[in-house]
Amino acid sequence: MELKQYVVAGISSDIGRIIAQELSSDPLVQIVGTMRRAHSDDTDVFGNNVEIVDRCDLTTELGCSRLASLVDDRFDRPFGYIHSIGEFWEHVPFLSVSPQQARTMLESHVATLQSALYALIPLMRARGGASCIAFSCNSVRYNYPWMASFTTSKAAIESLIRSLANEFAGDGLRFNSLTLASVKTDKVHASKPHGDFEHYIEPKELVPIVRFLMSEEAHLINGNAISLFEHSPRYYREGYFERISK
Ligand SMILES: NC(=O)c1ccc[n+]([C@@H]2O[C@H](COP(=O)([O-])OP(=O)(O)OC[C@H]3O[C@@H](n4cnc5c(N)ncnc54)[C@H](OP(=O)(O)O)[C@@H]3O)[C@@H](O)[C@H]2O)c1
């Protein structure tokens, strides 16, 4: 049995949008999504089982409390939480990223997750359970150059997810991160024109994995960083800087 009520934080992201569209194709599913920007005709691509909290910056208390109050009003059972948020990363040497830019990166990835979960965990407990997913990156394992502040943010996410999994397992709350290789989104396409697109992950391929983690069958899967990648023959033959060059 799959969960039927979901929060998709960052429903305006390339990955979050596809996941929300696919999950909401089941009319029994109810989704509350967040976006930082204003909801407009461009972003109005969802059915009426998706409600959006727009202009919602999850680094702020106001953003998190608006999200929590809609969830409290709409959800009446264990629910899923999908965190698809964080500033996009272009490969940049460490000395070209100011400490302020690095702080903004950390806040957009980590503080948003921490603050949203701070607001929602009491509701998850009250509804009797939850399954939460955040997205990390395989750069945490491979320590790629020119990705330091993004990778640091993702390492913090993996660590937060593992800690919460241990702290709240007794309440029926599960937390896992999906550690992604490059996903075939428009922004990734523009930022890595020499990337091996044929072997990048399609956003839609993430959907069955998310569905599984949201199901009762996955009740033993808790506190993991689950690595997802498609084998790329070019990846193993070309140098790192050739692959990311413009
Ligand atoms: N694409 C990849 O290849 C890849 C690889 C590894 C990991 N990931 C991770 O997967 C997730 C989704 O990736 P994506 O490529 O789909 O992302 P994306 O299209 O770049 O979208 C990023 C999202 O973050 C939101 N956001 C940023 N700061 C925010 C804040 N302070 N409060 C609320 N929302 C905020 C943006 O909201 P607005 O648009 O409304 O401003 C947008 O929805 C991210 O965590 C990303 O790091 C992606």
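**Close-up 1. The pairing of strand E4 with strand E5 in this predicted model.** Phenylalanine 79 has alanine 130, a residue of E5, as its bridge partner. Strand E4, which covers residues 79-83, runs parallel to E5, and five bridges join the two strands. As a general point, the strands of a sheet pair through backbone hydrogen bonds, in either a parallel or an antiparallel manner.

**Close-up 2. The open sheet of seven strands.** Read across the sheet, the strands follow the order E3-E2-E1-E4-E5-E6-E7, and their pairing is parallel. At the edges lie strand E3 (50-53) and strand E7 (225-228), each of which pairs on one side only. On average, and with direction ignored, neighbouring strands of this sheet are turned by 20° against each other.

**Close-up 3. Helices H1 and H3 against the sheet.** Helix H1 packs on the sheet, where it touches strand E1 (5-9), strand E2 (30-34), E3, E4 and E5, and its direction makes about 165° with that of E1. Helix H3 also packs on the sheet, touching E1, E4, E5 and strand E6 (173-180), and the direction of H3 makes about 180° with that of E4.

**Close-up 4. The shell of residues around the ligand.** Of the 27 residues around the ligand, those that come nearest are Ser13, Ile15, Arg36, Phe135 and Val183. Two or more residues of the shell are given by each of helix H1 (14-23), helix H3 (99-126), strand E5 (130-137) and helix H6 (186-191). H1 gives the most, with three residues. Sorted by class, the shell holds ten nonpolar, eleven polar and six charged residues.

Key: Residues are numbered from 1 along each chain as its sequence is written. This is a predicted model: local features need pLDDT of at least 70, side-chain atom pairs count only at pLDDT 80 or more; totals for chains, interfaces and linings use all residues. A residue is near a molecule or strand if its C-beta atom, placed from the backbone, lies within 6 Å of it. Helices (H or I, at least four residues) and strands (E, at least two) are DSSP runs, numbered from the N terminus. Ala, Val, Leu, Ile, Met, Phe, Trp, Tyr, Cys and Pro count as nonpolar, Asp, Glu, Lys and Arg as charged, and the others, Gly among them, as polar. Two strands pair if DSSP finds at least two bridges between them. Axes are lines fitted to C-alpha atoms, for helices over the stretch in contact, and angles run from 0 to 180 degrees between N-to-C directions. Two residues are in contact if their C-beta atoms, placed from the backbone, lie within 7 Å.
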